[in-house]
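Please read the points with the model open.

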Amino acid sequence: MLDEMGKAAKEASYQLALLSAREKNRVLEKIAEALETQAGEILTVNQLDVDEARNNGLSEALLDRLQLTPARLKNIADDVRQVCNLADPVGQVIDGGLLDSGLRIERRRVPLGVIGVIYEARPNVTVDVAALCLKTGNAAILRGGKETWRTNNATVKVIQQALEACGLPKAAVQAIENPDRQLVTEMLRLDRYIDMLIPRGGAGLHKLCREQSTIPVITGGIGVCHILVDDTAEFGPALDIIVNAKTQRPSTCNTVETLLVHEAIADSFLPVLSQRMAASGVTLHADEKSLPVLQNGPASIEAVKDADYRDEWLSLHLNVKIVAGLDEAISHIREYGTQHSDAILTRTLRNANRFINEVDSSAVYVNASTRFTDGAQFGLGAEVAVSTQKLHARGPMGLEALTTYKWIGFGDDTIRE
């Protein structure tokens, strides 16, 4: 089955690669319209997925990712329209020039071909990936989690109807409908047809893909994000940023999970932090130095464990650790971070520059929330993933990250001497 899907996707990719920006935008407009006109059907099956997932004990964080509402579906359709407004990178000349040999050379952006994406309880990913792939002339094979199979299938059918209405093969966007996990292993070896694989899920999925895939893998999306409050930070703005980074949408990968507080301000900062966290319903997991300062405050307190530093809470929980200074903070981030998004709150340019230069993450912020690590927020449109590795793409992956390039040489009966 997968072999046939892969072959059909590869054939579709050849046709997609020849489309003009106008033709691709027409398809995206059709998809956005269809998502709105068929919203009732999508929301109905999504509720079935949510009910089943809740009965199976799925966490509230994952249920939040799985749940679609009329407003969320409208936002997804609007995101597709936003992709229409973005410049098409395909065909763009990156650089080039005239060589001494007389050959004129240029490096031109082209589609990757077929993109495979494996993801969990995130139905929005289905549309985001399809839109970005189609805009860049790539076909897509999608494998969503078993928790959201009804929603994914309904959404992909809407996309395929729009493709066929525009005279394009529905194999340009396909979903693996069978929830059998064995199919994931088979997909990882479909290198004859799939050109790049993107896993969006937990650490276990990423490890599986890295170890077993014969296809180049882009890893990322696991966000153990940190905020350092140094000894020069202004308490009011710092607290506003922390509340935003933790509570705006706790189930996202760019949510802060560990707060590092300079020891010089800990006695005065942590009590007000406790008040703000209590008001936001956040439970604090404190290290041995911060525990005595926080235990008399209004926020719920627990002793932090080493494992807490290494994983995403994806919920209203926040680790708190007192550090002696920038050196200890950077050392902690290097040990426990996932190179996703980390921030410093400071009024000292020297500290800001040190943090920028020494924290090796895909996104680093000064006096800003980690929640900005997002394709739309970065002006890229909807993102296909957030890459935390260094080759090919890093950070939010927009349109350019779904292209590669070819070298083109123009001669005048030119030969090599």
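1. The largest cavity has a volume of about 60 Å³. A cavity here is a set of points, on a 1 Å grid over the protein atoms alone, where a 1.4 Å probe fits but cannot get out; a volume is the space filled by probe spheres set on the points, which are joined across faces, edges and corners.

2. This is a predicted model, in which local features need pLDDT of at least 70 and side-chain atom pairs count only at pLDDT 80 or more, while totals for chains, interfaces and linings use all residues. Residues are numbered from 1 along each chain as its sequence is written, and side-chain values use heavy atoms, with hydrogens and water left out.

3. Residues lining the largest cavity include R143, K146, W149, N152, N153 and E177; lining residues have an atom within 4 Å of a point. Helix α7 (residues 149-165) gives the most to this lining, with three residues. Helices are DSSP runs (H or I, at least four residues), numbered from the N terminus.

4. The second largest cavity holds about 50 Å³ of space. R122, P199, R200, G220, G221, C253, E383, A385 and V386 form its lining.

5. Helices α14 (residues 326-336) and α15 (residues 349-358) have axes that come within 11 Å and cross at roughly 25°. Axes are lines fitted to C-alpha atoms over the stretch in contact, and angles run from 0 to 180 degrees between N-to-C directions. The crossing angle therefore makes α14 roughly parallel to α15 (angles under 35 degrees).

6. Across this pair, L326, D327, I330, I333 and R334 in α14 meet N351, R354, F355 and E358 in α15, contact meaning heavy atoms within 4.5 Å.

Terms used:
On a 1 Å grid over the protein atoms alone, a cavity is a set of points where a 1.4 Å probe fits but cannot get out, and a pocket is an open set with protein on both sides within 12 Å along at least five of seven lines; lining residues have an atom within 4 Å of a point. Helices (H or I, at least four residues) and strands (E, at least two) are DSSP runs, numbered from the N terminus. Angles under 35 degrees count as roughly parallel, over 145 as roughly antiparallel, 65 to 115 as roughly perpendicular and the rest as oblique.
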